[in-house]
Amino acid sequence: MKKIAFLLVFIAGLSLQAQDLASRFDAKAYADRLSHDIQSALGINDQALAAKIDRETYVYAQSIRKYLILFQQQGKLEGKTLEEAVQTVLPEVEKSTHFKKMLSRILGNTKVDRLVSEGIIR
């Protein structure tokens, strides 16, 4: 009986740790900052285009949050800071969201290549 109680507490603890790391990640702020950086770098003033960029960066940021939870539950983020954890999940997030591909559809390949060369996106 004590073992079962310990396992339940342990599992609940893992879930809380995963939520804690993900809850410290402010997806909205991350998306807003990334969207602003993209729009500033490219000098975008068109509201419709800006709204599309906002939407894609928000989906991307929410995916980062989901992968933070997943990776922490799998024990892949043990002992990492939030920044290190985000860097760890980014390759998987980029594969699953096709972020650059979606930006390419919105902006064109040349502008996305420019964003990559300026270090705004990976």
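**Figure 1. The largest pocket in this predicted model has a volume of about 380 Å³.** Its lining counts 20 residues, and Y30, R33, V86, Q87 and L90 sit closest to the centre. Two elements, α2 (27-42) and α4 (82-97), each give two or more residues to that lining, and α4 gives the most, with 6. By type, the lining splits into 11 nonpolar, 2 polar and 7 charged residues. (Nonpolar here is Ala, Val, Leu, Ile, Met, Phe, Trp, Tyr, Cys and Pro; charged is Asp, Glu, Lys and Arg; the others, Gly among them, are polar.) A pocket is an open set of points on a 1 Å grid over the protein atoms alone, where a 1.4 Å probe fits, with protein on both sides within 12 Å along at least five of seven lines; lining residues have an atom within 4 Å of a point. Points are joined across faces, edges and corners, and the volume is the space filled by probe spheres set on them.

**Figure 2. Helix α4 bends by about 40 degrees at L90.** That's the angle between axes fitted to the seven residues ending there and the seven starting there. A proline, P91, follows within four residues. A85, V86, V89, L90, V93 and T97 are the buried residues of α4, buried being under 20% relative accessible area with a 1.4 Å probe, protein chains only. Helices are DSSP runs (H or I, at least four residues), numbered from the N terminus.

**Figure 3. Y30 is a residue of helix α2.** Y30 has a relative accessible area of 17%, so it counts as buried. Setting aside neighbours within four places in sequence, Y30 touches F25, Y60, A61, I64 and L90, a contact being heavy atoms within 4.5 Å. Y30 and I64 are 34 residues apart in sequence, yet 9.8 Å apart in space, C-alpha to C-alpha.

**Figure 4. S63 belongs to helix α3 (residues 47-73).** S63 is buried because its relative accessibility is 13%. Beyond four places in sequence, S63 has contacts with V93 and T97.

**Figure 5. Residues 1-18 have pLDDT under 50.** The model has 4 contacts beyond four places in sequence for this stretch.

**Notes.** Numbering runs from 1 along each chain as its sequence is written, and side-chain values use heavy atoms, leaving out hydrogens and water. In this predicted model, local features need pLDDT of at least 70 and side-chain atom pairs count only at pLDDT 80 or more, while totals for chains, interfaces and linings use all residues.

Conventions. Buried means under 20% relative accessible area, exposed over 50%, partly exposed in between (1.4 Å probe, protein chains only). pLDDT is the predictor's confidence in each residue, from 0 to 100.
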